[in-house]
Amino acid sequence: MIKSKIFDDLIEVLEELDLEYTENFSVEIPNNVEHGDFSSNVALLNAKLNKMAPRDLAEKFVEIFAKKRYYKKVEIAGPGFINFKLANSVFHKNLIDIVEKKKKFAASKHGKKQRILLEFISANPTGPLNVVSARAGAFGDTLASIMRHVGYDVFTEFYVNDAGNQVDILAESLELRYRELHGERIDEFPPEAYHGEYLKDLASQLNSAEGSKLFHCTENDRMEKMRNFALKKIQAMQYESLERFGVHFNNWMSERKLRKDGILEEALSYLAEAGCTYEKDEAIWFNSSQFGDIKDRVLIKADGNPTYLVPDIAYHITKYNRAYDVLIDVLGPDHHGHISKLRAAMKALELDASKLEVVYLQHINLIQNGEVVKMSKRAGRIVTLNDLIDEVGKDAARYFFIDRKPSAHLDFDMELAKKQSSENPVFYCQYAYARINSIMKKAKKAKISLKDFDTKNLRKLNKDEELRLIKKMLELKSILIGAAEHREPHRLSGYLHELAGMFHKYYAKYHIIDEKRIEMTQARLYLCSAVKNVIGLALDLMGISTPQKM
RNA sequence: GCGCCAAUAGCUCAGUUGGAUAGAGCAACGGAUUUCUAAUCCGUAGGUCAGGGGUUCGAAUCCCUUUUGGCGUGCCA
């Protein structure tokens with residue numbers, strides 16, 4: 001990596017000059033091209049330590065660096081920045097690396113194989129996945145890919161709340177629809193019930209499988225059947241939607257199974273043993289306020305049932321037991337009140353709460369014809385993940401969800417996502433990829449190939465645009481590391497959009513194929529193949545397709 | 001009331017551990033096609049980085065404060 005080479009060279013000079021120094025300085029790619037390929041604030045940060053003026057210190061660096069062949073030009077600028085222009089050959093050498101590493105380009109061992117448990121979506125299995133889950137899905141899946149690429153050992157998990165109150169309500173809702181099918185008039189569908197159309201479908205499926213048989217069994221048996229049937233079908237629905245969306249999990253963790261395994265009781269007994277529970281008003285409480293929560297929380301309700309907090313604590317204990325280094329929960333914005341309770345529980349159990357990390361995804365507005373699409377779960381009026389994929393396609397949906405900082409609200413413009421033009425960033429990026437492919441095809445027709453290409457001829461790549469393209473591609477490695485560390489996949493989509501733009505501009509300005517200048521053509525084709533590789537890699541990581549032709 | 005998140009161009013948003021003249025895209029306006037895909041490109045215009053104070057060589061970025069918006073603060077999940 002070029003940056004670290006410059007960094008090391010700077011350290012070497014600091015040593016050579018026998019100066020006091022901090023390694024806190026940076027080597028960066030300046031915003032302004034006139035400031036060179038790289039720039040460092042090393043003199044600014046170390047001037048005071050050596051009682052020198054920053055520019056004077058910088059001067060000493062320049063003298064030494066001027067003798068190194070790696071650098072074409074080293075200058076002092078502004079208050080004492082040192083700007084570096086590198087020899088073209090440095091970029092050419094790195095270009096070969098991009099092409100040869102293929103899909104492993106920009107991979108690194110940065111994550112040191114840290115074991116990460118990444119939990120996302122974890123929607124209730126009470127209905128089809130909605131757009132909130134869609135954002136979480138695109139986000140989580142892409143983050144996992146990026147983190148794996150930079151050397152983390154990531155395990156993804158979907159936690160299924162297939163037990164408890166909501167599931168009972170689901171079963172009751174299904175029963176009502178089932179009764180309707182058998183001619184019963186349901187005057188008032190309870191407001192807390194699930195109103196969506198999908199339950200009518202499920203009821204009729206259930207009816208064709210069982211007929212009226214279910215009326216003849218005991219209420220308990222009937223409800224159990226309702227529950228099982230609904231859960232099975234809805235989970236299958238969710239699974240299929242996610243398959244369509246290209247989102248996969250290493251594991252689907254069932255709350256029911258946790259309950260069966262007695263983990264809830266275990267969690268409760270741990271808390272009791274730690275002396276963190278007490279009884280009040282016929283309920284059992286957790287003294288979470290002792291552990292940073294704003295108030296104590298109920299664990300077991302007066303009716304004897306656990307609150308949702310208990311299985312959640314239990315589930316998180318299993319995460320700790322599975323020996324991960326970092327636990328990442330991706331949550332919706334309405335859950336941030338929840339995490340303080342969970343953290344409190346981890347502290348109470350003397351588990352390392354600093355391992356538990358939460359990413360909050362902010363709200364989504366779907367915008368159609370310039371207006372926010374109003375959704376109401378109660379009325380069963382929601383836009384599902386399937387609707388969205390039908391409407392705008394997987395690629396656009398994923399891109400739009402990824403291309404926004406997680407902490408920011410997201411306005412999803414449905415019209416824009418459908419547009420097949422440069423206004424639509426996903427098409428813009430894919431088009432760059434397809435365009436390179438068509439250049440390759442044309443080269444093949446002209447019988448120009450890279451088989452007999454001597455990489456010495458890469459020196460023909462001496463245009464600013466060409467060197468900048470290479471430089472841009474070399475940035476990918478640190479972009480991915482930043483995206484992984486900060487849990488911000490949008491850095492990758494932003495990068496991709498910029499790279500695609502640079503290529504389109506280059507394409508418009510220079511002709512790649514010139515049958516009279518074979519070596520030049522080959523060098524440019526080589527550059528194109530590198531760009532194709534990098535764009536393809538970025539799209540792969542985001543789970544977006546790479547069309548050969550558009 | 002308390003807590004979390006946000007506020008950057010007309011709109012949607014970037015802005016890396018604090019760096020040089022705050023950037024894209026869209027919309028607006030003006031241009032480019034004998035060409036490997038014009039699904040593209042070039043140019044013009046657009047800003048009190050919500051307001052105020054502080055920290056320092058340097059602040060959109062860090063700290064304090066005010067304002068505005070979203071959410072949370074259930075024996076719902």
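I367 stands opposite D413 in strand β15. This is a predicted model, in which local features need pLDDT of at least 70, side-chain atom pairs count only at pLDDT 80 or more, and totals for chains, interfaces and linings use all residues. Residues are numbered from 1 along each chain as its sequence is written, chains are lettered from A and ligands numbered from 1 in the order in which they are written, and side-chain values use heavy atoms, with hydrogens and water left out.

Strands (E, at least two residues) and helices (H or I, at least four) are DSSP runs, numbered from the N terminus. Two strands pair if DSSP finds at least two bridges between them. Strand β13, residues 364-368, pairs with β15, residues 410-413, in the parallel sense over four bridges. β13 also pairs with strand β14, residues 371-372, this time in the antiparallel sense over two bridges. Here I367 stands opposite V372. The hairpin of β13 and β14 has two residues between the strands, and N369 takes a positive phi near 50 degrees in it.

Of the eight residues in β6 (153-160), six are buried, meaning under 20% relative accessible area with a 1.4 Å probe and protein chains only. Strand β5, residues 115-119, pairs with β6 in the parallel sense over five bridges, and V154 is the bridge partner of I116. Between β5 and β6 the chain passes through helix α5, residues 131-149, in a right-handed β-α-β crossover. Right-handed means that, with the strands pointing away from the viewer, the path from the first strand over the helix to the second runs clockwise. β6 also pairs with strand β7, residues 251-254, in the parallel sense over four bridges. In that pairing E157 stands opposite N251.

Note on methods: Buried < 20%, exposed > 50% of the residue type's maximum accessible area, 1.4 Å probe, protein only.
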